[in-house]
Amino acid sequence: RRKARSREEARFRLVATNRMVYNPCLPLTLHLLLSFVAYGAAFTSSVQTCRYHQNRWYSTLHSSTSDGANEVVAKRSTSTFETKFATNRCTQEPNRKWLRKFLSRNSTKRTPSYRIAYDYDELVIGNAASENTTAVMLVHPIGVGIGKWYYDRLLKSLANEDVQSSRLVFISSDLLGSFTASSPIGSDSGQELKKFPLLNITDWAEQLEHLMSEYERKSWKEGHEIRNWAIVANGGCAPIALKVAQSAVEKSAPFEKDLTNVVISSPPRLPFFLEGTDPKRVQRSYRTLSGIAGQLFWKYALRKDGKFIQSFSERNLVGDPASLGIHWTPNCVSAARHLGGKSKYSTFAFLAGALQDGCKDSLNSLKGTGVQIDFIRGADRKQTRRPKSYFWKRKSSDKSAGLGAEVVKQETVEEYIERNGNRGGTSWIGGRISLAWEDPKGYARELIKLINY
């Protein structure tokens, strides 16, 4: 029996040894481990490159000082915004009677509020002795990894502009759910919110209005009172700028000074401003994107150091791929991975159609008020493929009219704004869609002309 037991133990040790040596999962495990290490090294390198670019740009601005009557001052500050999120405030009642009855019994629970800290850049140029200070709020686009850094090139070009007649202040902040503004903390609980609710135009507009009010008080304490405001937005974020202008006209905004200018670059077509989307469809799309589908998309977009971001940007966002430079994709990847990738929820809200709610109310409120709406367009009209989302529909052209049917020219957004009594002007610069990044010198030149009249 002892000999049999010893033979059995020897056979077991041999089998175990063979399994350890020839385990087919071992090479795969080693391969995944090495890939993970290499991926981590590449990620660290890209983040360091992006941080170096941002720190270099910030130090360049920070070293600029006033010279006699003219000044060029740049700062980076932090602000905190408290919100209850518009989606939570406007939750629709359920259709089921028993569910409404159950919720009414537990209606004593109030809507939680959240504090969100975020960074914003401030650039001051012009005549330091001038009593006329115009403050300009820059609204960056929403997308994978897009944040206030989108206006870095523009701010650098604005710092080189010669403005002597007045004093201009440019403010570029991260929007809710983007880059540094993607970590909400419960005001009562102190716990971090894991997932953003569906953000909408009201949330983003209220954040900017709060920052504008905060900056008015700060500027007054420093001895430079704000005379008027202007707001600049790009493409699909135009409804945010128009919503802020509407609040200013209706005197419901927390800031006091008048908003006199709205500048929209790369404006969408007129139906975008007039036609809204189904809120239920937007909610369903956002739920889908916030699940596994969105997680897979986010990982795919960031893989291989943002290869998808680079190719998508070259096809859809710029006229000349060389205008993206070496910092566009690393900045996108770094911002998208910041704070555990929580900025994806603002992108998901955009893809779900949260900004396609129509601007009729805002435009009607601005009618006849003297608020000037100007446009900046890119001279590169190449349109190989229109950016789209599979979660919102576009109306297809009617091809059933036949060849003999009369072609009716569609009204442009400029013509509609002119009928609305808010028409300013249209400036043309280089680039296609991301104009502030493609042609920052031309953008800075035309922007100062539009707001410094």
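## Helix packing and burial

Helix 9 and helix 12 are oblique to each other. The model is a predicted one. Two packed helices are described by the angle between their axes and the distance between the axes. For helix 9 and helix 12 the angle is about 140°, and the axes are 8 Å apart. The crossing of helix 9 past helix 12 is right-handed.

On the helix 9 side, the residues that take part are Val282, Ser285, Tyr286 and Leu289, and they meet Tyr345, Phe348, Ala349, Leu351 and Ala352 of helix 12. By class, this contact has eight nonpolar residues, one polar residue and no charged residues.

Helix 12 spans residues 344-352, and eight of its nine residues are buried, so the helix is largely enclosed by the rest of the structure. The buried set consists of Lys344, Tyr345, Ser346, Thr347, Phe348, Ala349, Leu351 and Ala352.

After helix 12 comes Gly353, which has a positive phi, near 105°.

## The chain as a whole

The chain holds 16 helices and nine strands. It has 453 residues, of which 46% count as buried. Among contacts in the chain with a separation of 6 or more, 86% are accounted for by residues 24 or more positions apart. The chain has an accessible surface of about 24400 Å², and carbon and sulfur atoms contribute 53% of that surface.

## Ser427

Strand 9, residues 423-429, contains Ser427. Is Ser427 buried or exposed? With a relative accessible area of 8%, Ser427 is buried, because the cut-off for that class is under 20%. Apart from its neighbours within four places in sequence, Ser427 contacts Phe375, Ile376, Arg377, Glu446 and Leu450.

Notes: Residues numbered from 1 in each chain as written. Predicted model: local features only at pLDDT ≥ 70, side-chain atom pairs only at ≥ 80, totals over all residues. Heavy atoms only, no water. Helix = DSSP H or I, 4+ residues; strand = E, 2+ residues; numbered from the N terminus. Buried < 20%, exposed > 50% of the residue type's maximum accessible area, 1.4 Å probe, protein only. Contact = heavy atoms within 4.5 Å. Areas by Shrake-Rupley, 256 points an atom, 1.4 Å probe, with all protein chains shown as cover. Axes fitted to C-alpha atoms, helices over the stretch in contact; angles between N-to-C directions. Parallel < 35°, antiparallel > 145°, perpendicular 65-115°, else oblique. Left-handed = near helix turned anticlockwise from the far one by under 90°. Nonpolar A, V, L, I, M, F, W, Y, C, P; charged D, E, K, R; others polar.
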